[in-house]
Amino acid sequence: MSLDRSGDVRRGVLLSAGGMLILSPDGLMLRMIETAGLADVVYYRSVFMSFTLALFLWALNRGDWKKPWRGFGRIGVIACLLMTISNISFVGAVAHTTVANVLVILAAMPLFSALLGWLLIRERVKPRTWFAILAAVTGVVVIFAGSLEGGGWLGIGLALMTAIVQSLTLVVLRHAENDVTIPALCLSGVLSGGVSLFYATPYTVTQHDLAILAVMGLIIVPVALTLFLSGTRYIPAAEVALFALLETVLGPVWVW
């Protein structure tokens, strides 16, 4: 392995692992919401995220709003739509089933990413990566088997949708010629907020719930997802997805 390649791998690992460590309390904070409805949570979470990312893009590009969108193209649009779907489906999954159920299903992300990466962009998965994926998924299922609950099929279905859509997002970003991660995330927040506003009543959200949503939307979600998804610039989608298991392991620990 060349020094350059070694540096890229290290950078990708640090970005994706760091993102998941920051995101790991997400499920806990969603559970701490007391009265806000699903649409309200999606609305505030999305709008706050877009606000933070828009400020970051403005500062990064010294006030040039057009620069981040140059080269956005079809890949950026597809990534944005996928992010929008997964943002809504993840919140819905946590709202309709247990955190353990959601996180165990999301543990299949590396497997989906490996298969989709090979099918769509012919990205080769190393044998050791396949071994790590199978070992990790098996381990997660064994560890959390006692915490799984039946029922909540809507939540389970939404969790499965989230895993597949997020895996597809990683593959799409991996295939992108330009770095569209932050603009796509920013725009996906606008779309998620716009869709949820048809069903939300934002003015009824309590100060307690709004404070939690502000921490999530302004800090945790934008920082974590930007770091995690940026790992696709340096390492294969399947390897990036492996770090999603950090949330699977740490999420229930935070809840406990």
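Colleagues, the model is predicted: local features need pLDDT of at least 70, side-chain atom pairs count only at pLDDT 80 or more, and totals for chains, interfaces and linings use all residues. Residues are numbered from 1 along each chain as its sequence is written, and side-chain values use heavy atoms, with hydrogens and water left out.

I begin with the core. A nonpolar core is a set of buried Ala, Val, Leu, Ile, Met, Phe, Trp, Tyr and Cys residues joined through side-chain atoms within 4.5 Å; buried means under 20% relative accessible area, exposed over 50%, and partly exposed in between, with a 1.4 Å probe and protein chains only. The largest such core holds 64 residues, and Leu170, Leu213 and Phe228 have the most contacts inside it. Its main contributor is helix H3 (residues 38-60), with ten residues; helices are DSSP runs of H or I, at least four residues, numbered from the N terminus.

I turn to the salt bridges, each a side-chain nitrogen of Lys or Arg within 4 Å of a carboxyl oxygen of Asp or Glu. The count is five. One of them joins Arg45 and Asp26 at 2.5 Å, N to O. Arg45 belongs to helix H3 and Asp26 to helix H2 (residues 26-31), 19 residues apart. Both Arg45 and Asp26 are buried.

Another pairs Glu123 with Arg174 at 2.6 Å, N to O. Glu123 lies in the loop between helices H6 and H7 and Arg174 in helix H8, so the pair ties together parts 51 residues apart in sequence. Glu123 is buried at 13% relative accessible area, whereas Arg174 is partly exposed at 25%.

Conventions. Helices (H or I, at least four residues) and strands (E, at least two) are DSSP runs, numbered from the N terminus.
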